[in-house]
Amino acid sequence: MSRLWRASPLTYLALVVAAGMSIFPIWWMFVVASRSSDAMGQLPPPVTPGGNLGANIARLFDNTDAYFLTGLINSTIVAVTVTVSVVFFASLAGFAFAKLRFRGRNALLLTVIATMMVPTQLGVIPLYMLMTRLQWNDRLPAVIVPALVTGFGVFMMRQYAGQAVSDELIEAARMDGCGTPRIWWHVVVPALRPAAAVLGLLTFMTTWNDFLWPYAVLNDPANPTVQLSLRALSDGYYQDMSQVFTGTAIATLPLLLVFVLFGRQIIGGIMEGAVKA
Amino acid sequence: MTVQLDARPPVAPAAGGHRRSSGRLSRLDTRYSPYLFVAPFFLLFAVFGVYPLIYTFWVSLHDWDLLGTDHPFVGAANYTQLLADGDFWHAVVNTLGIFVISTVPQLLAALWLANLLNRGLRARTGWRMAVLVPNVTSTAAVAIVFGVIFGREFGMANWLLDMVGLDPIAWKSDRVASWVAISAMVDWRWTGYNALILLAAMQAIPRDLYESASIDGANRVRQFWSITVPLLKPTIIFCVIIATIGGLQLFTEPRLFHSGTNPIRGGSLRESQTVTMYMFENAFAPHYNFGYGSAVAWLLFALIALVAAVNVLVLRRLGGSGMGPGKGADR
């Protein structure tokens, strides 16, 4: 670090401004969520929390248009299921691509990389038709099943497995008569754990945030994800903004919690991915 | 941005290395297990990723809606209708406008921020977290919050303008102003993320390049533009491509920026309706015109490919330094 350019006070000043702009909207969201409705129109904007959070939460959960509690539960189910599945399948495929030799491997790997560039969001119309045929409309499988694998996950695990899993260990396990599935479980999975954690965190956050596809396929207002509950609140005819902001604050809270606890790993994952990819 | 295929030879099945007793089973295992391991990804992606995208094209050649029992083949009729559709082109202009207004300042700011973060800082992780935190918030929540910040009467943006003596701006009903407001949202979310990616690439630049440059008398600004930026070019191209793919499909931010009646139009006069919103408006409620919506999707796909290609070509030509394109920061 000693050879880096020194940071001048001006550097810190600029960073304080940048950090302030990053954090302020989130902070203000929580402030409004804890105050009464007129906090919204106050200028200059209030910056200290008020004492109304409990009442706002109570009104939010009583709101019969938003189905906010259902939304929270649904989003939890969807995000957790998708995260477990993405990490599981990515660690299987990533290991195979990094450490096993098979015909067509490079071509298949290039296909995986190509899928990362494909704007799959543009396929929502047939996907919707498919869900209609499967009778999954308005039900959670419609948002869970299409998200069970990602090319990004496979690629990330492949990159990590290449350097983290020792060839010698695999070879030794083979000599001892271990089949590939057991090698995966006993040798590969332990070595992949750090990358699996980062992939899991990123997947959880992306899934929790997803809006377009749930918006298209979950049309029953009584069975939303939490982002759709927010839409219902925001589009409502009469807007009680402190209640809306309570909703946005609660919907953001799990993400912030994950970020505060694992920020270092997430940053590491993003930066390493950028250099290695 | 290189993917090294076969960087290190993977473990060979080692034909002779197995015990005799488990011979056949083990041969089956080494031969077929790899396919078993990668199969779930390819199966699921084929069904829920590739098939819908291709089938979109098939649907776009038909007069196909939700309720109709038959859907006759109409050839390119949806496309010809679309190319003459003023609302579609309006949405294309909106999308490109928002894309340009958001991406250019975003990447410049990210470059500058990365340069700040690439110094001997106290509380390094803290600063990085602070600039990344917008990226992990809920998009829908942020869109709603920014919708209030850019409100006409009591919005913070107009209040700030008023403080410096400017007239308030109708952020939601003026076309270009709404692009700026939505771009602000996008930039707020993505600048820090891009800064971290650029920072990672900056840290990989060897220090002695700067040392010899300063011996040659190049000042810091000069060093930044003639060493840092050219060596970051592959990473910058990566950021631009990601921004293109994401930015041209923009949906959640403009959709939730507007509320009230028919917000899928992006304002009463479609001030900030993006192409994805236009696809959505046609393909789902209220019209459920799958054929027409699919044609929108495919033209958007073509637009993304075109813009990405143009961006890459332009960036490759820009700033030709001593380094060949794509060489420097490959690692």
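Q: How many helices and how many strands does chain B have?

A: Helices (H or I, at least four residues) and strands (E, at least two) are DSSP runs, numbered from the N terminus. Chain B has 13 helices and 0 strands, and from the N terminus on its elements run α-α-α-α-α-α-α-α-α-α-α-α-α. The model is a predicted one, in which local features need pLDDT of at least 70 and side-chain atom pairs count only at pLDDT 80 or more, while totals for chains, interfaces and linings use all residues. Residues are numbered from 1 along each chain as its sequence is written, and chains are lettered from A and ligands numbered from 1 in the order in which they are written.

Q: What is the mean pLDDT of chain B, and which elements of the chain have the lowest and the highest mean?

A: pLDDT is the predictor's confidence in each residue, from 0 to 100. The mean for chain B is 86, and 89% of its residues reach 70 or more. For the model, ipTM is 0.90 and pTM is 0.88.

Q: How many residues of chain A are in contact with chain B?

A: Two residues are in contact if their C-beta atoms, placed from the backbone, lie within 7 Å. By this criterion 89 residues of chain A are in contact with 87 residues of chain B. Helix H12 (residues 241-276) of chain A gives the most to the side of chain A that touches chain B, with 14 residues. By class, that side has 60 nonpolar, 19 polar and 10 charged residues. Here Ala, Val, Leu, Ile, Met, Phe, Trp, Tyr, Cys and Pro count as nonpolar, Asp, Glu, Lys and Arg as charged, and the others, Gly among them, as polar.

Q: Which residues of helix H5 of chain A are buried, and what do they pack against?

A: A residue is buried if 20 or more other C-beta atoms lie within 10 Å of its own, exposed if 12 or fewer, and partly exposed in between; the C-beta atoms are placed from the backbone. In helix H5 (residues 124-134) of chain A, the buried residues are A:Val124, A:Ile125, A:Pro126, A:Leu127, A:Tyr128, A:Leu130 and A:Met131. They pack against helix H6 (141-144) and helix H10 (212-217) of chain A, together with helix H1 (23-60), H12 and helix H13 (290-317) of chain B. Just after H5(A), A:Gln135 takes a positive phi of about 55°.

Q: Where are B:Ala123 and B:Arg270 found, and is each buried or exposed?

A: B:Ala123 has a positive phi of about 55° although it is not a glycine, and lies in the loop between helix H3 (86-117) and H4 of chain B. Because B:Ala123 has 11 C-beta neighbours inside 10 Å, it counts as exposed. B:Arg270, not a glycine either, has a positive phi of about 55°. The loop that holds B:Arg270 is between helix H11 (252-257) and helix H12 (275-283) of chain B. With 20 C-beta neighbours inside 10 Å, B:Arg270 counts as buried.

Q: At what angle do helices H4 and H7 of chain B cross?

A: Axes are lines fitted to C-alpha atoms, for helices over the stretch in contact, and angles run from 0 to 180 degrees between N-to-C directions. The axes of H4 (residues 124-132) and H7 (residues 175-203) of chain B come within 7 Å and cross at roughly 135°. Angles under 35 degrees count as roughly parallel, over 145 as roughly antiparallel, 65 to 115 as roughly perpendicular and the rest as oblique; H4(B) and H7(B) are therefore oblique to each other. B:Arg128, B:Val131 and B:Leu132 of H4(B) make the contact with B:Gly192, B:Tyr193, B:Ala195 and B:Leu196 of H7(B). These residues divide into 5 nonpolar, 1 polar and 1 charged.

Q: What is B:Thr125 in contact with, leaving aside its neighbours within four places in sequence?

A: B:Thr125, in helix H4 of chain B, is then in contact with A:Arg264 and A:Ile267. B:Thr125 is exposed, with 12 other C-beta atoms within 10 Å.
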